[in-house]
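Trainee: I would like to go through the charged and aromatic contacts of this model. Please show the structure, and I will ask as we go.

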Amino acid sequence: MTQRQFGNVTVETVQGDIANQPDLDAIVNAANAELRMGGGVAGAIHRAAGPGLEQECIPLGPIKPGQAVISGGHHLPNAHVIHCLGPVYGRDKPEEKLLASCYREALLLADQNGIVAIGFPAISTGIFGYPIEEAADVTLKTVAEVVPGLSNVRTVRFVLFSESDKAVFDRALMALPADL
Ligand code: ADP
């Protein structure tokens, strides 16, 4: 695990499965607009949560790129799931602003709901085609900008599926200036 401190908030990276993070209050789903099961992260989260998650989520959709909504965790070990729709690279523009909006909205929603520890996958970097290096830069810069304004969130964990994606996030995390 790699960690960095921004004020009261620890930002860390691990290699693993976002659907298997039992010590977090909330995990973030790389959702589709309709908030249905789907593949990738959404498939893993919905499989672990059970059908109740989709039943709760469908009335909350459709959502737009950059938007986030919150639900319960159902059979997941986490109390909440925050569902974000990332931009499709090359289609939803400007990608950078929309990706940043996902992380900002998710963190603000988490804070409003008293969430202390939250985990994110690398939104948009799978089926949506966002290059991992570009996504890591936008993501970590946004998180470092937003966390000083939060009252409840104390841990932000990035759960990367591969060691190589974790290495990219680690480099971007370490490259951030201390006083953003
Ligand atoms: P998007 O549609 O937003 O691109 P995906 O679910 O296709 O979302 O993928 C987002 C990222 O999450 C990709 O880097 C993918 O490798 C990774 N990923 C896929 N499954 C998991 C999982 N169970 N836990 C963590 N990361 C995952």
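Trainee: Is R157 buried or exposed?

Mentor: This is a predicted model, and the accessibility is computed from it. The cut-off for buried is under 20% relative accessible area. R157 has a relative accessible area of 6%, so R157 is buried.

Trainee: Which parts of the chain does the salt bridge between D23 and R157 tie together, and how many residues apart are they in sequence?

Mentor: The side chains of D23 and R157 meet at 2.8 Å, N to O. D23 lies in the loop between β2 (9–15) and β3 (26–30), whereas R157 lies in strand β7. The pair therefore ties together parts that are 134 residues apart in sequence.

Trainee: What separates K166 and D170 along helix α5?

Mentor: K166 and D170 form a salt bridge, with the closest N and O atoms 2.7 Å apart. K166 is buried at a relative accessible area of 10%, and D170 counts as buried at 15%. Because they are 4 residues apart in helix α5, the separation is about one helical turn.

Trainee: In the salt bridge of K93 and E95, which residue counts as buried?

Mentor: The two side chains meet at 3.2 Å, N to O. K93 has 57% relative accessibility and counts as exposed. At 13% relative accessibility, the residue that counts as buried is E95.

Trainee: Turning to the rings, why is the pair of F158 and F169 called tilted?

Mentor: The structure holds 5 aromatic pairs. In the pair of F158 and F169, the ring centres are 5.4 Å apart. Planes under 30 degrees apart count as stacked and over 60 as edge-to-face, so what remains is tilted. The planes here stand at 50 degrees, so the pair is tilted.

Trainee: Where do F158 and F169 lie, and how many residues apart are they?

Mentor: Both F158 and F169 are buried. Along with Y103 and F120, they form one aromatic cluster. F158 is in strand β7 (residues 155–160) and F169 in helix α5 (residues 163–175), a link between distant parts of the chain, 11 residues apart.

Trainee: Which element gives the largest share of the negative patch?

Mentor: The negative surface patch is formed by E96, E133, E134 and D137. E133 counts as partly exposed at 45% relative accessibility, and E133 lies in helix α4. The largest share, 3 residues, comes from helix α4 (residues 132–146).

Definitions and conventions: Residues are numbered from 1 along each chain as its sequence is written. This is a predicted model: local features need pLDDT of at least 70, side-chain atom pairs count only at pLDDT 80 or more; totals for chains, interfaces and linings use all residues. Side-chain values use heavy atoms; hydrogens and water are left out. Patches are made of residues with over 30% relative accessible area and no salt bridge: like charges are joined within 9 Å, nonpolar side chains (Val, Leu, Ile, Met, Phe, Trp, Tyr) within 5 Å. Accessible areas come from the Shrake-Rupley method with a 1.4 Å probe; for residues, only the protein chains shown count as cover. A salt bridge is a side-chain nitrogen of Lys or Arg within 4 Å of a carboxyl oxygen of Asp or Glu. Lys and Arg count as positive and Asp and Glu as negative; His and the chain ends are not counted. The place of a charge is taken as NZ of Lys, CZ of Arg, CG of Asp or CD of Glu. Helices (H or I, at least four residues) and strands (E, at least two) are DSSP runs, numbered from the N terminus. Buried means under 20% relative accessible area, exposed over 50%, partly exposed in between (1.4 Å probe, protein chains only). Rings of Phe, Tyr and Trp (its six-membered ring) pair if their centres lie within 6.5 Å; planes under 30 degrees apart count as stacked, over 60 as edge-to-face and the rest as tilted.
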